[in-house]
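Q: Got a structure to go through with you. Can we start with the charged pairs and then move to the fold?

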Amino acid sequence: MGRLKGRVAMITGAGRGIGFAAARRFAREGAQVCLTDIDEEGIRRAEESLRGEGLEVFGLRVDVTDRAQVESAVEEIVRRCGRLDILVNNAGVIRDNLLFKMTDEDWQTVMDVHLKGAFYCSRAAQKVMVEQKYGRIINISSTSALGNRGQANYSAAKAGLQGFTKTLAIELGKFGITVNAVAPGFIETEMTRATAERIGISFEQFVEEVKKQIPVGRIGQPEDVAAALLFFASEEASYVNGQVLYVAGGPKA
Ligand code: NAP
């Protein structure tokens, strides 16, 4: 408790899933957390639930693919809280299909949300962080960066985020800003539920199949990812920069 006391965090796609779990974990550790998401209703529910636990959070509707929305959200956070210490680029979508069936739109949507979104948010946040001479940027990659059937768009974006992470780490390190990535494996969220639905099996059947491939013998929970995010977000991780941590119950997908 208290590892993020006095810190201000912005988490994208925090209305549910991994982003929500990270928001809860960070707020429990004493951070003031701004939950952002494209889904206004999701934000409202998340905000209500965390405030109900007595946590210091507030929500803003932000589509990460919209530069103006991202920039004004960062301004609003600084206006309310006086600083911005931690950014988690978590917002994500999938548009899975085999390459020969993948549309231009499937490709572009995934690139825009993951890559352009992380670019806009990081560029806006670093302005504040450079002035403060302190910051933590954490990108959410995926084991799909190593290749995954039906995810040419998503795996390219998630691999791209790893290069983005390492480059920002090199550029921003001298300002007291570290940039790292967490690459989750199979985590129980709406995203993996939607995958089961798309391939036409129940989520339970899907989990049984996936579990066989995971060395620890279980699927991941959003809280497993939040724990890794907390490490990168903490002050004590100041010498860990440009790294990708796989949180997948084993060394690979
Ligand atoms: P999720 O439950 O689907 O949550 C993603 C959130 O991001 C949703 O609330 C979604 O809102 C929001 N979002 C989508 N487009 C956005 C945009 N343009 N601007 C702002 N918010 C937007 O997914 P999750 O599983 O928690 O995934 C979180 C991150 O982890 C993603 O980057 C994902 O790729 C990554 N990841 C997940 C897994 C896994 O197994 N679940 C594994 C590896 C990596 P809408 O519902 O309105 O679209």
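Q: How many salt bridges does the structure hold?
A: The structure holds 18 salt bridges. A salt bridge here is a side-chain nitrogen of Lys or Arg within 4 Å of a carboxyl oxygen of Asp or Glu. This is a predicted model: local features need pLDDT of at least 70, side-chain atom pairs count only at pLDDT 80 or more, and totals for chains, interfaces and linings use all residues. Residues are numbered from 1 along each chain as its sequence is written, and side-chain values use heavy atoms, with hydrogens and water left out.

Q: Why do such pairs form at all?
A: Side chains of opposite charge can pair when their charged atoms come close.

Q: Which residue does Glu41 bridge to?
A: Glu41 pairs with Arg44, and the closest N and O atoms are 2.9 Å apart. The two are 3 residues apart in helix α2, so about one helical turn separates them. Helices are DSSP runs of H or I with at least four residues, strands are runs of E with at least two, and both are numbered from the N terminus.

Q: What about Glu76, which residue does its side chain meet?
A: Arg79, in a salt bridge of 2.9 Å, N to O. Both lie in helix α3 (residues 67–81), 3 residues apart, about one turn of the helix. Arg79 counts as exposed, at 62% relative accessibility.

Q: And Glu29, buried or exposed?
A: Buried, at 4% relative accessibility. Its side chain meets that of Arg25 in a salt bridge (3.4 Å, N to O). Arg25 is partly exposed, at 29%.

Q: Which residues are linked in a network?
A: Arg7, Arg83, Asp85 and Glu235 are linked by salt bridges.

Q: Switching to Asp39. Where is it found?
A: Asp39 is in the loop between β2 and α2 (40–52). Asp39 is partly exposed, at 31% relative accessibility.

Q: What does its side chain reach?
A: The side chain of Asp39 reaches the backbone nitrogen of Glu41 at 3.2 Å. Along the chain, Asp39 and Leu60 are 21 residues apart, and their C-alpha atoms are separated by 9.7 Å.

Q: Now the fold. What is the strand order in the sheet?
A: It is an open sheet of 7 strands, ordered β3-β2-β1-β4-β5-β6-β7, with parallel pairing. Two strands pair if DSSP finds at least two bridges between them.

Q: Which strands stand at the edges?
A: β3 (57–61) and β7 (244–247). Each has a single partner strand, so one side of each is left without a neighbour in the sheet. The twist averages 20° from one strand to the next.

Q: How many bridges join β2 to β3?
A: 5 bridges join β2 (residues 32–37) to β3, and the two run parallel. Val33 stands opposite Val57 in β3.

Q: Which strands does helix α5 touch?
A: Helix α5 (residues 152–172) touches β5 (135–140), β6 (177–184) and β7, with contact meaning heavy atoms within 4.5 Å. Its direction makes about 160° with that of β6. Axes are lines fitted to C-alpha atoms, for helices over the stretch in contact, and angles run from 0 to 180 degrees between N-to-C directions.

Notes. Buried < 20%, exposed > 50% of the residue type's maximum accessible area, 1.4 Å probe, protein only. Polar contact = N/O pair within 3.5 Å; in protein donor to acceptor, adjacent residues only side chain to side chain.
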